[in-house]
Amino acid sequence: MACTTAGDPLFQEKDVPVLPEIIEGELIDYATQVQPIFNAKCTMCHGASGGLDLSSYAGLMAGGATGDSVNTCDGVGSYIYTKVTGDPPSMPLGGTPLTE
């Protein structure tokens, strides 16, 4: 998969179901493995009501006021990744870190 964002002509919503990243030899399914985490921990603040919208793949890839939330060429350098894995993590704000 090429490095893309929502503004890139290569980005297509139909590309959502399976991401090419590998964790312990398995493909990541966005709809069943990632979106449920966002729904449980993030969308109460980052929903469809403005700012960064984590209620859908398209919203995630569109980014927010600070720009792109995901860098498909450098996942660990992505803005969203650094917010949830920093030392200490700054998101979810006031909640249990996603890494626990």
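Accessible areas come from the Shrake-Rupley method with a 1.4 Å probe, and for residues only the protein chains shown count as cover. The structure is a predicted model, in which local features need pLDDT of at least 70 and side-chain atom pairs count only at pLDDT 80 or more, while totals for chains, interfaces and linings use all residues. Residues are numbered from 1 along each chain as its sequence is written, and side-chain values use heavy atoms, with hydrogens and water left out.

**Exercise 1.** Describe the surface and the secondary structure of the protein chain.

*Solution.* Step 2: buried residues (under 20% relative accessible area; exposed is over 50%, partly exposed in between; 1.4 Å probe, protein chains only) account for 25% of the 100 residues. Step 3: helices (DSSP runs of H or I, at least four residues) and strands (runs of E, at least two) are numbered from the N terminus; the chain has 3 helices and 2 strands, in the order β-β-α-α-α from the N terminus on. Step 4: taking contacts (heavy atoms within 4.5 Å) between residues at least 6 apart in sequence, 27% join residues at least 24 apart.

**Exercise 2.** Which geometry does the aromatic pair of Y30 and Y57 have, and which parts of the chain does the pair tie together?

*Solution.* Step 1: rings of Phe, Tyr and Trp (its six-membered ring) pair if their centres lie within 6.5 Å; planes under 30 degrees apart count as stacked, over 60 as edge-to-face and the rest as tilted. Step 2: the whole structure holds 1 aromatic pair. Y30 and Y57 form this edge-to-face pair, with 5.0 Å centre to centre and 80° between the planes. Step 3: Y30 belongs to helix α1 (residues 30-41) and Y57 to helix α2 (residues 57-62), so the pair ties together parts 27 residues apart in sequence. Step 4: Y30 is buried, at a relative accessible area of 3%, and Y57 is buried, at 6%.
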